[in-house]
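Colleague: I am new to this structure and would like to go through it in questions and answers. Could we start with how strands are paired?

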Amino acid sequence: MTNNKIYILGERALVLEITQSNLSQYQQNKLFALHAWMREQKVFIDIVPAKTTITGYLMHSQDPEYWLDKMQDAWQNIEPESFEPTVHTILTHYGKHYGPDLQSVASLTGLSQSQIVELHSQCSYQVKFLGFLPGFAYLGDLHPQLHLPRLESPRTHVPKGSVAIAQDLTAVYPSESPGGWRLIGHTDTVLFNHNLDSPSILQPGDVVKFLPSTEGIC
Amino acid sequence: MLTILKSGIQTCIQDLGRMGFRHLGVSQSGVLDQLAAKSANILLSNPKDTPVIEITVGLCQFKFNKPTNFAITGADLCAKLSGQALITGWRYHANEGDILTFATSKTGLRAYFAIQNGFSSLPSVMNSCSTDIQAGFGGLSGKALSDGDELDYAANSVLSSIGAALPEYTDTIRVIAGPHIDLLAKDKQQSVFEKSWQVLPQSNRMGVRLSSEIDLAHDLSIASQGVCPGTIQLPPNGEPIVLLNDCQTTGGYPIIGQVIEADLRLLSQLSAGQTCNFVAVDRAQALEATTQQLQHLAQLEIAVQHHNKKNT
């Protein structure tokens with residue numbers, strides 16, 4: 001059993017919050033299974049998972065209490081195994097001009113550049129949620145040896161496709177934007193195309209693997 | 001064609017917003033003053049979600065290259081058609097060559113300009129024509145309109161003028177308390193609803209930033225969660241941000257309240273330096289306010305249909 005809070009925000013946003021700072025894989029998958037359940041109800045305009053919450057925006061504001069109860073019931077009864085993620089492999093060029101911060105990450109962590117590439121690319125990540133920019137997926141969990149704070153002064157221009165790390169997360173910038181994450185590589189994979197019916201390749205809950213390109217540092 | 005002779009501060013194409021893509025980090029966008037934009041479309045017998053031009057501050061100029069009917073609603077930005085003063089909330093006819101200008105106003109911030117049958121050939125991005133300026137898509141090539149831009153529309157014959165009385169803009173904004181207001185001390189919670197708030201110049205379509213004499217600075221942190229237009233966030237500096245349509249989809253500041261949907265239009269009209277007050281309401285009152293606005297629009301629709309029949 002997990003502790004959770006459930007409440008209505010404003011007129012029609014239903015929020016389920018798991019009251020702990022980090023979710024276990026079990027809880028995380030349960031949250032994504034709930035996301036799928038919520039989509040099937042066809043009463044929400046939008047459903048937004050975040051780190052420890054999921055928010056559903058109802059189409060109509062008439063009966064939020066009824067749906068809040070249904071959501072609570074669903075959460076109690078849902079099986080995390082019902083969630084089956086899609087797996088993506090992202091070919092990544094690490095280091096050099098592709099990842100201008102790889103060298104400083106190496107000196108800050110006391111690792112070699114190739115060890116960083118290995119630690120970053122050896123494990124699978126899950127899309128915890130998307131936000132900040134269209135298609136910007138927060139991927140966790142990063143290997144503990146790679147945990148570093150964001151840059152003290154953010155860059156005004158981070159190139160599209162930059163593979164970056166910050167704290168316990170990694171991400172790929174889907175478009176050019178300002179940003180404070182540390183850039184360790186680059187991919188040519190297009191993550192977001194606003195002209196497509198399904199504009200984002202990465203969906204909440206998907207699994208991502210980074211595949212080091214032979215071009216680059218190793 | 002409608003030629004944008006002077007584009008002003010931030011003139012952009014908006015409809016009722018982009019829904020269903022928030023989980024991918026896509027903002028809602030869309031008109032900030034929905035009641036005004038829907039009224040403009042109703043005056044022209046357009047579907048209510050027809051894209052309109054949202055004008056912020058004013059100082060812009062448009063040229064009609066074909067005859068058509070148009071409506072202006074929202075704040076009174078002293079619009080003129082080829083020199084003749086227009087009344088906000090009315091439908092007018094423009095001849096080929098007519099020039100529509102918007103000056104500026106001390107009392108309101110945003111006006112809406114709609115034309116009969118809407119603009120043709122605007123691309124739909126994720127089911128919406130709204131301009132998302134941050135992300136760079138929607139509207140006309142993902143940007144605010146600029147001098148020399150052209151928008152296509154079909155010519156229309158003269159419709160007689162008709163006006164709509166819209167509910168006034170007030171500075172009292174109804175708010176439903178948010179999940180984290182209890183984290184503040186009791187007296188501070190009260191002061192949120194007792195003091196008046198001044199709009200800061202950094203406000204934009206992403207959010208209205210407010211300040212007051214109360215010190216609400218804090219060091220509380222919450223895990224980022226879903227936020228939407230109307231969410232009142234309290235950053236550590238204690239100056240609340242009321243999120244508007246271009247806000248991000250998640251936010252990590254404590255949520256002290258949610259402005260009711262019916263009153264978001266009031267916030268959208270506040271310029272820097274103006275003040276507002278928050279009053280606490282419950283969900284039933286919020287629903288009642290929304291119902292009233294829907295009834296208002298329904299009545300306007302009937303009145304316009306009746307007027308059009310009588311005059312044809």
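Modeller: Two strands pair if DSSP finds at least two bridges between them. Please keep in mind that this is a predicted model.

Colleague: How many bridges join strand β6 of chain B to β7(B)?

Modeller: Strand β6 of chain B covers residues 80-81, and β6 and β7(B) run antiparallel. Within this pair, Lys80(B) stands opposite Ala85(B). Pairing takes at least two bridges, and the number joining β6(B) to β7(B) is 2.

Colleague: Which strands stand at the edges of the sheet that holds β7 of chain B?

Modeller: The sheet is open and antiparallel, with 6 strands in the order β7-β6-β9-β4-β1-β11 (chain B). An edge strand here has a single partner, so one of its sides is left without a neighbour in the sheet. The two strands in that position are β7 (84-85) and β11 (150-151) of chain B.

Colleague: Is the sheet that contains β13 and β20 of chain B open or closed?

Modeller: Its 7 strands run β13-β20-β17-β18-β15-β14-β21 (chain B), with mixed pairing. Neighbouring strands in this sheet are turned by 40° against each other on average, direction ignored. One of its pairs is β14 (196-199) with β15 (207-211) of chain B, antiparallel over 2 bridges, where Val199(B) stands opposite Leu210(B). The sheet is a barrel, and it is closed.

Colleague: Which element gives the most to the side of domain 1 of chain B that touches domain 2 of chain B?

Modeller: The domain assignment gives domain 1 as 2-163 and domain 2 as 172-281 in chain B, and their C-alpha centres lie 28 Å apart. Their contact takes 18 residues from domain 1 of chain B and 14 residues from domain 2 of chain B. By class, the domain 1 side has 6 nonpolar, 9 polar and 3 charged residues. With 3 residues, the element that gives the most to that side is helix α1 (residues 34-43) of chain B.

Colleague: Which element gives the most to the largest nonpolar core?

Modeller: That core has 135 residues, and among those that touch the most other members are Ile184(A), Ala40(B) and Ala114(B). Leaving aside neighbours within four places in sequence, Ala114(B) is in contact with residues including Ala40(B), Leu44(B), Val52(B) and Phe70(B). The element that gives the most to the core, with 6 residues, is α1(B).

Colleague: Which element gives the most to the side of chain A that touches chain B?

Modeller: The contact between the chains takes 31 residues from chain A and 31 residues from chain B. On the chain A side, 18 are nonpolar, 10 polar and 3 charged. Elements giving two or more residues to this side include β1 (4-9), β3 (44-49) and β6 (125-130) of chain A. The one that gives the most, with 5 residues, is β3(A).

Colleague: Which residues form the covered face of strand β13 of chain A?

Modeller: Strand β5 (residues 87-94) of chain A pairs with β13(A) in the parallel sense over 6 bridges, and Thr92(A) stands opposite Pro212(A). β6(A) is joined to β13(A) by 2 bridges and runs antiparallel to it, with Tyr125(A) opposite Val208(A). In a regular strand the side chains alternate between the two faces of the sheet. In β13(A), residues 207-212, the uncovered face has Val207(A), Lys209(A) and Leu211(A), and the covered face has Val208(A), Phe210(A) and Pro212(A).

Methods:
Residues are numbered from 1 along each chain as its sequence is written. Chains are lettered from A and ligands numbered from 1 in the order in which they are written. This is a predicted model: local features need pLDDT of at least 70, side-chain atom pairs count only at pLDDT 80 or more; totals for chains, interfaces and linings use all residues. Domain bounds come from an automatic or database domain assignment. Two residues are in contact if their C-beta atoms, placed from the backbone, lie within 7 Å. Helices (H or I, at least four residues) and strands (E, at least two) are DSSP runs, numbered from the N terminus. Ala, Val, Leu, Ile, Met, Phe, Trp, Tyr, Cys and Pro count as nonpolar, Asp, Glu, Lys and Arg as charged, and the others, Gly among them, as polar. Axes are lines fitted to C-alpha atoms, for helices over the stretch in contact, and angles run from 0 to 180 degrees between N-to-C directions. A nonpolar core is a set of buried Ala, Val, Leu, Ile, Met, Phe, Trp, Tyr and Cys residues joined through C-beta atoms within 7 Å. A residue is buried if 20 or more other C-beta atoms lie within 10 Å of its own, exposed if 12 or fewer, and partly exposed in between; C-beta atoms are placed from the backbone.
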